[in-house]
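The structure is shown first, and the points follow by topic.

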Amino acid sequence: MIAMKLSFDVLRKSGPFIIGAVLVIVMALLPMLNIVIPGVLPGPTYQPGSLALLSLCMVYAAMALSYNLLLGTSGLLSFGHALYFGAGAYGLGILLSRTGLPFWVSTGVGLVGGLALALLSGAVALRTVGIAFAMVTLAFAQTGSLFVSRSSSLTGGEDGITVNTMNVPAAFVGILNTKNLYWLALVVLVLVYLVALWVDKSRLGHVAAATRENELRLRVLGLRPFTTKLIVFAIAGLMAAAAGMVYLLLQSGVGPKAVNYDLTVTILVMVVLGGVGYRWGAIVGGFVYTLLDQRLTALAQSDAVDSLPAFLRVPLSQPHFLLGIVFILIVMFSGGGIAGTVDSRIRRRDWRRAAEAALPRAGGDESVARPRLRP
Amino acid sequence: MSSVVLVLITGLGVGALYFLVASGLSLIYGLMNVLNFAHGAFIALGALIGWEVAEHTDAASWWSFLLSLVVGAVVGAAFAAFTELVLIRPLYQRHIEQVLVTVGLSFAAIALFDGIWGQDLHSVKGPAWLDEVTVVAGAHIANIFWVLIVAAVLVLGGLSLFLRKTRYGKIIRAGVENRAMVTALGIDVRRAFTLVFSIGGAAAGLGGVLAMHYMTGVTPEIGSSLLIFAFIVIIIGGTESLVGTAVASVIVAVLQQFANTYLWGTGDFIAIVLLPIVLLLRPSGLFGKRA
């Protein structure tokens with residue numbers, strides 16, 4: 001009995017780790033497997049089309065994870081996160097076409113650039129709080145967006161830029177090599193996840209979470225909330241730049257949409273959909289959003305929707321309309337999103353089991369503080 | 001000289017447009033602490049319905065022009081009242097969620113407008129007089145700018161009178177000043193919330209129709225580009241007074257026009273960079289009380 005209970009506890013503790021590891025292995029094997037998921041993927045998993053879609057999911061999942069560090073861990077509502085994604089994508093694209101730097105050096109320079117940009121803009125933006133912070137970050141992103149559309153000699157303006165394949169390793173070029181890009185996206189996603197995990201578990205993350213709950217108390221305790229928030233902000237910016245670079249390689253180019261305010265809102269929708277404050281929620285949100293967006297677009301062009309009367313056809317043919325409505329419903333009725341709902345189910349089940357076993361357990365460890373949307 | 005006059009008056013006209021859009025935002029933010037990201041959708045709906053009116057009537061006539069303004073304002077007000085009652089009110093006092101809901105609404109509504117009207121530019125041709133120019137001190141000013149200025153002055157005057165002279169106006173002003181006290185006096189502030197949203201929506205709808213005539217066309221994106229400048233204006237102007245918003249609108253727009261003309265078209269940059277600068281130096285805006 002004791003042994004059983006022990007193994008159960010071990011499973012509970014290491015369960016998420018095992019599930020995560022299995023998922024990563026399965027994802028890594030997908031390009032070699034012939035799995036058909038009708039309605040979700042456009043074809044068998046080994047085909048470039050499906051792999052490209054899954055890679056895009058992973059890029060957005062990484063981006064959502066980085067945004068969750070801001071909104072979930074630190075309670076910072078930023079409207080400018082697309083800036084760092086765009087900086088990564090455009091930075092690498094421009095370095096590849098304008099300089100003769102080797103590929104990996106270019107990525108290194110791009111990442112340092114993204115980090116520096118996040119540090120600089122964060123140092124200014126974090127002087128403000130709440131709505132003012134949202135406004136300042138929005139202003140910075142808008143400046144970036146204007147810069148991209150105005151300086152067309154450097155950024156290609158509305159057309160964007162295409163990757164100069166001369167400087168890219170051959171393994172990342174061409175449709176046949178989509179599986180290599182897929183693995184690259186997977187590696188980046190796993191790395192971003194590990195960094196997010198490390199931040200959340202470290203002293204840094206704890207101070208950031210405490211800042212979210214009560215900044216004044218931290219100051220009184222002699223801690224430095226500003227420095228903490230700035231480091232988290234910079235790490236999130238660095239992750240976003242990495243995601244942007246994978247995006248550039250995956251799309252073999254980048255356009256002004258990658259620095260757009262709309263991208264930030266899209267990421268925000270993903271994070272809220274998945275569940276603010278849950279790392280796996282951000283990943284699920286990134287996947288669910290991207291897949292829904294793609295499949296709803298395909299659905300909109302299908303005959304079934306086309307034959308509907310206009311008042312049904314028009315809303316159904318706009319994926320962003322449907323996703324926006326889902327987002328509003330989640331914000332209004334279940335602040336926790338997908339991960340929050342699942343998590344509270346599990347907690348309730350565990351609690352009921354504990355009660356059934358008539359073990360008088362202290363409830364303290366059950367109520368781990370989760371970030372709420374409300375400040 | 002004439003080019004300076006031109007820049008000044010066009011700046012005033014664009015500032016008038018910013019004020020029309022920002023006046024509602026400023027009232028809403030001042031009273032309810034909700035930064036309304038859905039305001040862009042109000043503007044777009046007003047403009048698109050205004051375009052429909054122009055399309056189905058004789059667009060070149062003045063009565064059609066006036067009708068499109070009235071219809072745009074009414075539609076904007078109705079949309080805004082709906083937003084307040086259905087989305088904002090249930091989230092009473094939860095500011096971040098209120099902001100998120102307006103973000104979601106704008107996301108969904110603009111997609112819906114794309115579905116209905118498409119993303120292409122719908123061009124409009126208003127009364128011929130709007131395209132003609134009036135010569136002031138040697139500067140050729142398109143007449144649409146005068147219309148914008150007159151509309152903004154009328155809205156500013158009307159709103160100021162409403163806020164000063166009527167009971168509801170006084171409740172709104174008192175609510176901006178100290179909402180807890182107004183509630184403690186037994187006045188239902190929530191009704192004022194709906195009212196403020198409707199007024200803001202009406203101004204946004206009106207601004208949308210005028211912006212359509214100014215740009216001689218409309219797409220569902222019309223509101224998003226204006227919204228950024230409206231945010232800048234209300235942050236710079238502070239949210240305590242409409243006059244502050246009006247002055248900030250003019251300052252931002254005139255600076256923008258000057259920079260566009262004399263500083264290699266950097267107007268948008270300068271306007272946007274003003275926002276963090278002002279927020280850092282005077283967190284409550286140029287005309288706000290010191291926090």
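**Cavities, core and hairpin**

In this predicted model, a search of the whole structure finds 2 cavities of 30 Å³ or more.

**Largest cavity**
- The lining consists of M32(B), E84(B), I88(B), R89(B), Y92(B), Q93(B), H95(B), Q98(B), R179(B), R190(B) and F193(B).
- Helices α3 (62-88), α4 (95-117) and α9 (189-214) of chain B each contribute at least two lining residues.
- By class, this lining comprises 4 nonpolar, 3 polar and 4 charged residues.

**Second largest cavity**
- M135(A), L138(A) and A139(A) line this cavity together with I228(B), F231(B), I232(B), I272(B) and L275(B).
- At least two lining residues come from each of α5 (130-150) of chain A and α10 (222-237) and α12 (267-281) of chain B.
- The lining has 8 nonpolar, no polar and no charged residues.

**Nonpolar core**
- The largest nonpolar core holds 206 residues, of which F79(A), M135(A) and L210(B) touch the most other members.
- Helix α2 (residues 48-73) of chain A gives the most to this core, namely 17 residues.
- Leaving aside residues up to four places away in sequence, M135(A) touches L35(B), F37(B), F231(B), I235(B), L275(B) and L279(B).

**Hairpin in chain B**
- Strand β2 (residues 133-136) of chain B pairs with β3(B) in the antiparallel sense over 4 bridges, and V136(B) has A139(B) as its bridge partner.
- Between the two strands lie 2 residues, and A137(B) takes a positive phi near 50°.
- In β3 (residues 139-142) of chain B, A139(B) and I141(B) form the covered face, whereas H140(B) and A142(B) form the uncovered one.
- In a regular strand, side chains alternate between the two faces of the sheet.

How values were computed. Residues numbered from 1 in each chain as written. Chains lettered and ligands numbered in written order. Predicted model: local features only at pLDDT ≥ 70, side-chain atom pairs only at ≥ 80, totals over all residues. Heavy atoms only, no water. Buried < 20%, exposed > 50% of the residue type's maximum accessible area, 1.4 Å probe, protein only. Pairing = 2+ DSSP bridges. Core = buried A, V, L, I, M, F, W, Y, C linked by side-chain atoms within 4.5 Å. Contact = heavy atoms within 4.5 Å. 1 Å grid on protein atoms, 1.4 Å probe; cavity = no way out; pocket = protein on both sides within 12 Å on 5 of 7 lines; lining within 4 Å. Points joined across faces, edges and corners; volume = space filled by probe spheres on them. Nonpolar A, V, L, I, M, F, W, Y, C, P; charged D, E, K, R; others polar.
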